[in-house]
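Work through the exercises below with the sequence and the model side by side. Try each task before you read its solution.

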Amino acid sequence: MSADHSKITCFDLEMCCWEDARQIGEIISFGVCELDLKSGELKREAHYYVKPVVDTVSEFCTNLTGITQRVVNRQGRPLSEVVNSITAKFGTKRPYVSWGDDGDHLARMARRQNFYIPHMVFLNAALLYQLRKRHVGESIGLKRAMELEGLEFEGDAHNALNDSRNMARLITQANLI
């Protein structure tokens, strides 16, 4: 089967985080939506909670994301199952696009947890935006990039599904891909 470049899969991850550390922990939320590049429409979407293996959800992380340890304990699934569900629903023959290096983080987590990620091409929309708009060297968050493009951020930030939807809107508005 050949690659399908008429659609991309936008995704965002939320990870365990702590106020006193600059480290990023295990993935706890995975939001995904499919963007039709011809029409600019979102076609399908999904959201998954991920049960961390080692990390726990801190109070800081709950305040930032709204995700609690109780939610991931009850609704979370192992990361390998979530990745399998996503690739079954969205496929692997098109680019997976995130704002930042979420693709790299996902690959590191998969290696750490000893499971295989099917061949997926990851693109960093933040880097594409910086290059396209000549903001090279600047760190521009998704919300700021949307403001620069005249778009209003919809929903709560640090919600994986909202962030993936907003990124898809930005990609369409700024003609990034």
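**Exercise 1. Contacts and overall form.** Find what share of the contacts between residues at least 6 apart in sequence joins residues at least 24 apart in the protein chain, and then describe the chain as a whole.

*Solution.* Among contacts in the protein chain between residues at least 6 apart in sequence, the share that joins residues at least 24 apart is 65%. Keep in mind that this is a predicted model, in which local features need pLDDT of at least 70 and side-chain atom pairs count only at pLDDT 80 or more, while totals for chains, interfaces and linings use all residues. Residues are numbered from 1 along each chain as its sequence is written, and side-chain values use heavy atoms, with hydrogens and water left out.

Step two is to list the elements, where helices (H or I, at least four residues) and strands (E, at least two) are DSSP runs numbered from the N terminus. The protein chain has seven helices and five strands, and from the N terminus on their order is β-β-β-α-α-α-β-α-β-α-α-α. The radius of gyration, taken over C-alpha atoms, is 16 Å for the protein chain, close to the 16 Å that the globule rule gives for 177 residues, so the chain is as compact as a globular protein of that length. That rule is 2.2 Å times the number of residues to the power 0.38.

Step three concerns burial, where buried means under 20% relative accessible area, exposed over 50%, and partly exposed in between (1.4 Å probe, protein chains only). By this scale, 45% of the 177 residues in the protein chain are buried.

**Exercise 2. Salt bridges.** How many salt bridges does the structure hold, and which parts of the chain does the pair of Glu154 and Arg169 link?

*Solution.* A salt bridge is a side-chain nitrogen of Lys or Arg within 4 Å of a carboxyl oxygen of Asp or Glu, and the structure holds eight of them. Glu154 forms one with Arg169, the closest N and O atoms being 3.7 Å apart. This pair links distant parts of the chain, since Glu154 is in the loop between α6 and α7 and Arg169 is in helix α7, 15 residues apart. Both count as partly exposed, Glu154 at 48% relative accessibility and Arg169 at 24%.

The side chains of Lys43 and Glu41 also meet in a salt bridge (3.3 Å, N to O), and here Lys43 is partly exposed, with a relative accessible area of 42%, as is Glu41, with 43%. Finally, Glu34, Arg44 and Arg94 are linked in a network of salt bridges.

Terms used
Contact = heavy atoms within 4.5 Å.
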